[in-house]
Amino acid sequence: MAEGLEVALTDLQSSWNNVRHHTEEISSNRLLVRRGQAFNITLYFRNRAFQPGLDNIIFVTETGPLPDLPKGTRAVFSLAGHRGPSPWIASLQTIGASSLEVSLCAPPVAAVGRYLLKVHIRSLQGPVTAYQLGEFILLFNPWCPEDAVYLESEPQRQEYVMNDYGFIYQGNKNWIRPCPWNYGQFEENIIDICLELLDKSLNFQIDPATDCALRGSPVYISRVVCAMINSNDDSGVLNGNWGENYSDGTNPTEWMGSVAILKQWHATGCQPVRYGQCWVFAAVTCTVMRCLGIPTRVITNFNSGHDTDGNLIIDEYYDNTGRILENKKKDSVWNFHVWNECWMARNDLPPGFGGWQVLDATPQETSNGLYCCGPASVRAIKEGEVDLNYDTAFAFSMVNADCMAWLVFGGKEQKLHQDTNTVGNFISTKSIQSDERDDITENYKYEEGSLQERQVFLKALQKLKAGRFPGSLRAESQPRSVPLSDSPRSLATPSLQPSDAVQVSLKFQLLDSPNMGQDIRFVLLALNMSPQLKDLRVNLSAQSLLHDGSPLLPFWQDTAFITLSPEEAKTYPCKITYSQYSQYLSTDKLIRISALGEEKNSPEKILVNKIITLAYPSIVINVLGAAIVNQPLSIQVVFSNPLSEQVEDCVLTVEGSGLFRRQQRVLIGVLKPHHRASLTLETIPFKSGQRQIQANLRSNKFKDIKGYRNVYINFGL
């Protein structure tokens, strides 16, 4: 009788499999495979060759702390030619003298995560011997047509799954600037930290068996990741801070990569990292999702609405000097807001709503009791289908709410104007395989001012009202009618005057690019479009804003008296000196200038404002010589103090996936006024291909002078 077949060792063929599964950037000595795609392993036997009729080999895969066949977290499948009940497949490749090569394939709906691979061998009537063959990690597969995250375009897969750097757009709608970011999703230990993040979620803590079973769904995974990136409900990755004091952590503007954040979270036993704001939450989400295999991109929405009461109206309050007041309702328009889009099928929604989905990890409002937002179908947002899961109504308001401006004077509120165009401008993301900006606003809404856009707005409003007050919905008769909120003030408001009744227009115009350390010069343009003489009194003010739209106290005020003949235009010159604004500026570097004009003997008031973002000179990075894997490389970093005063505590930070194994920090100390300096760093690149170096300079006066340089690293010999 033949003796039992004994396994001596197993070759998981990690290096070969990982290349075929697009995971070689993560590791070449650990097995990381994607679902719906076969991978090969070789079993080496101690005593004899495998005999097909004699030996029966059964494979077992298990994931999670409580593997279970009915839940799909345990699979048992045979090497026999016929398909068994298990959706996992094992097939014979080659039989050697003392080895056996086998192809294994996880179903395209399998739960992602860390798996144990075992084998049971029975030789004829002999006993069953069991062996543990090793561990592997299973990921989503955007290359597999049967996977819910399948993305047809290879350039898109390269950008949204494989690219480990990118740009996050910041600034304001008139001055959009790219902020370089190191996603680093394939850096050492990042995959382990991503899986640890799933295990730290409340869902896993409460019911680990069900949580692991649901990890095959990208919709489920995206909600778990979204809630775990912020720390509002759990031991999530980042603490949010929208104030002015970051002394017990890192100012959000200083970060330039996700790797340092995720590694700090892991190293401190999953203590939330201080601090993040929207672009940091979105960037870290992008890293985790790309690492798990879900195509993801980072989106910036300029003038982003935060409508807290769900009436699609954002109320802003001004005093008679034109300055914006702290909003008692907490509605606000963020200068820009950053979220993610993830690509997936939505079998939980009606047909047509798959594709890009909004995921927003910034903790703003709760969703099913947790601080997360999405996934919300971008197509559903465009069509006003705000009742579809998840959080589509909130996402809709971020790009499509209307703005109502109110004058608060003598305890009364007077409506100044309603603006349907302010919210949701220049919705931006990095282009595919290019450093250019893509404007994707048309994915989110029909053209502002078009009939379709207003119809979608009213459809969304009706769905929201129906959801909140069942049976009380009335059809809106006027396409421009103002949605009624719960306050009596709104009920008594007359409908708005059409825009052609406006007889005087005011507009701000900058005379120079607003650079940090320099005076801000601008003019107020006043135009009389009527056949009558107009006497205007205009109150001007400037105040700093925080990133979320919260106003700080005004630091500059002026009053202009302007007389305009019929159809006359005049300019009123203004200047805010550096000494006037320097000590009032937040690290967001935002100044809002406002003008409130009133006509003599008329109750009409005209409000105009402009947001200015102050710019820094960029850091210049020069690569000295050819960049080759495993060969020393010199990198020169040139930076300067843009201010006319000395700055202290200067620290230069440099990083770049594939170039530096960890963040480089150089203490610079003091920089004299307008002083320019350079230093040279040595590194040894360890990955080939297109890479990016990111740099940041901080001091006691500024936090985020940034620069980047793309560099192609050759493989060498």
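Predicted model: local features only at pLDDT ≥ 70, side-chain atom pairs only at ≥ 80, totals over all residues.
Strand E24 (residues 520–528) and strand E27 pair in the antiparallel sense over 8 bridges, where two strands are said to pair if DSSP finds at least two bridges between them, and where strands (E, at least two residues) and helices (H or I, at least four residues) are DSSP runs numbered from the N terminus. Within that pairing, Leu524 stands opposite Tyr572 in E27. Residues are numbered from 1 along each chain as its sequence is written, and side-chain values use heavy atoms, with hydrogens and water left out.

Staying with that sheet, 3 strands form it, in the order E23-E24-E27, and the sheet is open with antiparallel pairing. Strand E23 (504–510) and strand E27 (569–576) stand at the edges with a single partner strand each, so one side of each is left without a neighbour in the sheet. On average, neighbouring strands here are turned by 20 degrees against each other, direction ignored; for angles and axes in this talk, axes are lines fitted to C-alpha atoms, for helices over the stretch in contact, and angles run from 0 to 180 degrees between N-to-C directions.

Now to another open sheet, which has 5 strands in the order E2-E9-E8-E4-E5 and mixed pairing. What stands at its edges? Strand E2 (32–34) and strand E5 (74–78) do, each with a single partner strand, so one side of each is left without a neighbour in the sheet.

Strand E10 (residues 165–172) and strand E11 (residues 175–182) pair in the antiparallel sense over 8 bridges, and Ile168 stands opposite Cys179 in E11.

Next, the helices. Two packed helices are described by the angle between their axes and the distance between the axes. Helix H3 (residues 190–199) and helix H8 (residues 278–292) pack at an angle of about 100 degrees, with their axes 10 Å apart, and H3 and H8 are therefore roughly perpendicular to each other, a label that covers 65 to 115 degrees, with angles under 35 counted as roughly parallel, over 145 as roughly antiparallel and the rest as oblique. The contact, meaning heavy atoms within 4.5 Å, is made by Ile190, Ile191, Cys194, Leu195 and Leu197 of H3 and by Thr287, Val288, Cys291 and Leu292 of H8.

Which parts of the chain are enclosed? In helix H10 (residues 392–400), 8 of the 9 residues are buried, so H10 is largely enclosed by the rest of the structure; buried means under 20% relative accessible area, exposed over 50%, and partly exposed in between (1.4 Å probe, protein chains only). Among the buried residues of H10 are Phe394, Phe396 and Met398. Strand E31 (residues 633–640) is likewise largely enclosed by the rest of the structure, since 7 of its 8 residues are buried.E31 pairs with two strands in the antiparallel sense: 5 bridges join strand E30 (residues 620–624) to E31, and 8 bridges link E31 with strand E34 (residues 676–683).

I will finish with the backbone. The peptide bond from Gly374 to Pro375 is cis, with omega near 0 degrees, and a cis peptide bond also joins Arg274 and Tyr275, with omega about 5 degrees. Finally, His674 has a positive phi, near 55 degrees, and counts as exposed at 52% relative accessibility.
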